[in-house]
Amino acid sequence: MSFRRQNNIYVEQCLRGCLPELLHVNHFWDKHRGCVVAKILPGEFYMTKDNVMIATTLGSCISACIWDSRLGIGGMNHFMLPLTEKEAHEVDWGRRGLASDATRYGNFAMEHLINLILKNGGRRINLRAKLFGGGKVLKQMSDVGQKNIDFAIHYLNEENIILESSDLGEYYPRKVLFEPTTGRAFVKKLDNLHNDTIV
């Protein structure tokens, strides 16, 4: 069997165990890490019980990595703005449907991810978090990154979820990889030359 075919089999097995509402997320085989990676975009989130890493790239957006430290299940979200006063059914950015549109806001993104973890066996008392992003990647931008940071920290405090570590603010975008089964996260700070792509 070819190496490529074997890797496709791993991805297919992962997709069989994937929650139906998360099948749209791009899954691929990372040969360097030897596992399947789910890559989320702005407004998306991902939760897994399996040995799947979750990846995203952040500018001023925030990703919260939340997991049950005893069961080894968890996920990551990627939100663009802190919150909205609207109800989820009133939010429509006109692209991917109401659920993904709503999770572009921190208040919906955090709630959806936490509820999905709890629905799949996680216990609130065991939840831990790591926060990433909130960079001011363009000087002429308003500091939405700082607003996102303030919101995320406040939200975790309100929900009594322990923040284990974070890499927030500054002036550069980040690539984040999160391993829900262990709670480990890896951050790579990216060159600032192509920030128009991040934005």
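1. Two strands count as paired if DSSP finds at least two bridges between them. Strands (E, at least two residues) and helices (H or I, at least four) are DSSP runs, numbered from the N terminus. The model is predicted: local features need pLDDT of at least 70, side-chain atom pairs count only at pLDDT 80 or more, and totals for chains, interfaces and linings use all residues. Residues are numbered from 1 along each chain as its sequence is written, and side-chain values use heavy atoms, with hydrogens and water left out.

2. Start with the E2–E4 pair. Strand E2 (residues 35–39) runs parallel to strand E4 (residues 52–58), over four bridges. Within this pairing, Val37 stands opposite Met53 of E4.

3. Next, the cores. A nonpolar core is a set of buried Ala, Val, Leu, Ile, Met, Phe, Trp, Tyr and Cys residues joined through side-chain atoms within 4.5 Å; buried means under 20% relative accessible area, exposed over 50%, partly exposed in between (1.4 Å probe, protein chains only). The largest has 42 residues, of which Leu22, Tyr46, Ile66 and Met110 touch the most other members. Helix H3 (residues 106–119) gives the most to this core: six residues. A second, separate core has five residues, including Val37 and Met53.

4. Finally, Lys136. Lys136 sits in the loop between strand E7 (127–133) and helix H4 (144–158). Lys136 is partly exposed, because its relative accessible area is 24%. Gly169 lies 33 residues from Lys136 in sequence, but 6.7 Å away in space, C-alpha to C-alpha.
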